[in-house]
Amino acid sequence: CNLFLKINLFFALFAQCLWCYTNNTCIDYPVRSILPPSSLCSLSNARWGVCWINFEALIIAIAVVAGLILVSITVCCCYCCYCRRRSR
């Protein structure tokens, strides 16, 4: 993991590397599946690109951001469709 902290962040973020804390190895990311299979590494021990990006935290953060975007779009659509029609 120390090796990945020393690598340039730009290249490390776009690396196709799945760091596994179980056996401290960097595995080529399985591109055919969205989530890494548990046979390679458990999700709690898997890191994406660099050793400090926890895969579970990354999934939760992406889900929260996507949820906020969907709620914002829904609120804007409701405002545009219902509130503006009533004011006319």
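**Exercise 1. Work out how many helices and strands the protein has, and in what order they come.**

Solution. Start with the count: the secondary structure comes to three helices and three strands. Helices (H or I, at least four residues) and strands (E, at least two) are DSSP runs, numbered from the N terminus. Next, read the order from the N terminus on: α-α-β-β-β-α.

A word about the model before we go on. This is a predicted model, in which local features need pLDDT of at least 70 and side-chain atom pairs count only at pLDDT 80 or more, while totals for chains, interfaces and linings use all residues. Residues are numbered from 1 along each chain as its sequence is written, and side-chain values use heavy atoms, with hydrogens and water left out.

**Exercise 2. Find which cysteines form a disulfide, and describe the link.**

Solution. First, the rule: a disulfide is a pair of cysteine sulfur atoms within 2.5 Å. By this rule there is one disulfide. Cys20 and Cys41 are the partners, with 2.1 Å from S to S. Then look at the geometry: the angle about the S-S bond is 85°, and the link of Cys20 and Cys41 is right-handed. Now place the partners. Cys20 lies in strand E1 (residues 17-20) and Cys41 in the loop between E2 and E3, so the pair ties together parts that are 21 residues apart in sequence. Finally, both Cys20 and Cys41 are buried, where buried means under 20% relative accessible area, exposed over 50%, and partly exposed in between (1.4 Å probe, protein chains only).

**Exercise 3. Locate the nonpolar surface patch made by Ile34, Leu35 and Ile59, and place Ile34 in the chain.**

Solution. Ile34, Leu35 and Ile59 make a patch of about 310 Å². Like charges are joined within 9 Å, and nonpolar side chains (Val, Leu, Ile, Met, Phe, Trp, Tyr) within 5 Å. Areas come from the Shrake-Rupley method with a 1.4 Å probe, and for residues only the protein chains shown count as cover. Ile34 itself sits in the loop between strand E2 (25-28) and strand E3 (46-48). With a relative accessible area of 77%, Ile34 is exposed.

**Exercise 4. Describe where Trp52 lies and how far its C-alpha atom is from that of Trp19.**

Solution. Trp52 is in the loop between E3 and helix H3 (55-87). Its relative accessibility is 49%, so Trp52 counts as partly exposed. Trp19 is 33 residues away along the chain, and the two C-alpha atoms are separated by 9.4 Å.

**Exercise 5. Compare the UniProt annotation of residues 57-82 with the model.**

Solution. The unreviewed UniProt entry annotates residues 57-82 as "transmembrane region". UniProt positions are given in the numbering used here, feature names are shortened, and annotations may be inferred rather than shown by experiment. In the model, residues 57-82 are 100% helix and 0% strand, and the end C-alpha atoms are 37 Å apart.

Conventions. Patches are made of residues with over 30% relative accessible area and no salt bridge: like charges are joined within 9 Å, nonpolar side chains (Val, Leu, Ile, Met, Phe, Trp, Tyr) within 5 Å. A salt bridge is a side-chain nitrogen of Lys or Arg within 4 Å of a carboxyl oxygen of Asp or Glu.
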